[in-house]
Amino acid sequence: MAEPDLRDLDVFVAVARTRNFRRAAVEIRVSVSILSQRLRDLEERLGVRLMNRTTRSVALTEAGELLLSRVAPALRDVGDALDQVRGLREVAAGRLRINAPPPAVDLVLAPMVGPFLQAHPQVDLDIVSESGFVDIVSAGYDAGVRYGEHLAQDMVAIPLSGPQHYVVVASPDYIARRGRPKHPKDLLEHDCIRPRYSSGVMHDLEFEKAGQIVKVDPPAKLISTNMNLAMRAALDGVGIWATMDGYVHEALKSGALVSLMEDWCEPFPGPFLYYPSRRQTPPALRAFIEFVADWRKRNGLRS
């Protein structure tokens, strides 16, 4: 015979506490007939009478008193635990794991981290920076950051930043020695500083002007995925560097680096925060999504 479930025990405790079938039925929102049937089923499953009842009174048997003394506190503990779990829907807490490519971490996520953690002190952030493609679900991430062309179809995606720009830069010393390229194909005659991704691939440099797209694979004087090293090499005149404008803003402003071929560097959409489509979004992730929306609004960012 099946064991009693929590609903049977809830019925028993309600009747035992109120000593009244009608009041107990109102309390747990069932009809008196259903309540009576559940109590009879419970007694049959246990093989013992729990209550003596007449049309005027309800009295617990010795077995009923014993069951009430043990079950009532346990059900209160279960109720408290369920209330705590439901409360997690409202409180952003716990660890939030995000996988993102280095430029998105450095230029987009980094300014958000401090304000977000200050607003949500019970959240711990775990941000992994890597350029390779990762299945965020199987790898145990709550969310990822990628650019639009690399987003999976079954993911929910929201923009993290406004449009971004690639820039082509070189030091004044390099330009004095080697000249200033005016067209992407001119880079084939120059030394360049280029990244190689974790997959081992070194992608062509892609430029666009008035709808015309040009891809080139110029010689690499230096190959490195380390932004500090690439910056140092560009400042030292090693070669021409194509990178995100956020990395070289100050160097361009000071004149330590010079911008080249600006008419071939059109803006493109910034990165997206993406996560699995599901009904119950973890509270910490939901808090970050809401923070991103507010951050973009406060900073006047558009997609």
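## Salt bridges, pair by pair

Start by selecting Asp-236 and Arg-232, which form a salt bridge with the closest N and O atoms 3.0 Å apart; a salt bridge here is a side-chain nitrogen of Lys or Arg within 4 Å of a carboxyl oxygen of Asp or Glu. This is a predicted model, in which local features need pLDDT of at least 70, side-chain atom pairs count only at pLDDT 80 or more, and totals for chains, interfaces and linings use all residues. Residues are numbered from 1 along each chain as its sequence is written, and side-chain values use heavy atoms, with hydrogens and water left out.

Colour the pair by accessibility. Asp-236 is partly exposed at 49% relative accessible area, and Arg-232 is partly exposed at 46% (buried is under 20%, exposed over 50%, partly exposed in between, with a 1.4 Å probe and protein chains only).

Next, select Asp-263 and Lys-209. Their salt bridge has its closest N and O atoms 2.9 Å apart. The two residues are 54 residues apart and link distant parts of the chain: Asp-263 lies in the loop between β13 (258-260) and β14 (272-276), Lys-209 in strand β9 (residues 205-209). Helices (H or I, at least four residues) and strands (E, at least two) are DSSP runs, numbered from the N terminus. Asp-263 is partly exposed at 42% relative accessibility, and Lys-209 is partly exposed at 33%.

Then select Asp-191 and Arg-178, a salt bridge with the closest N and O atoms 3.0 Å apart. Asp-191 sits in the loop between α6 (172-178) and β8 (192-194), Arg-178 in helix α6, 13 residues apart. Arg-178 is partly exposed, at 33% relative accessible area.
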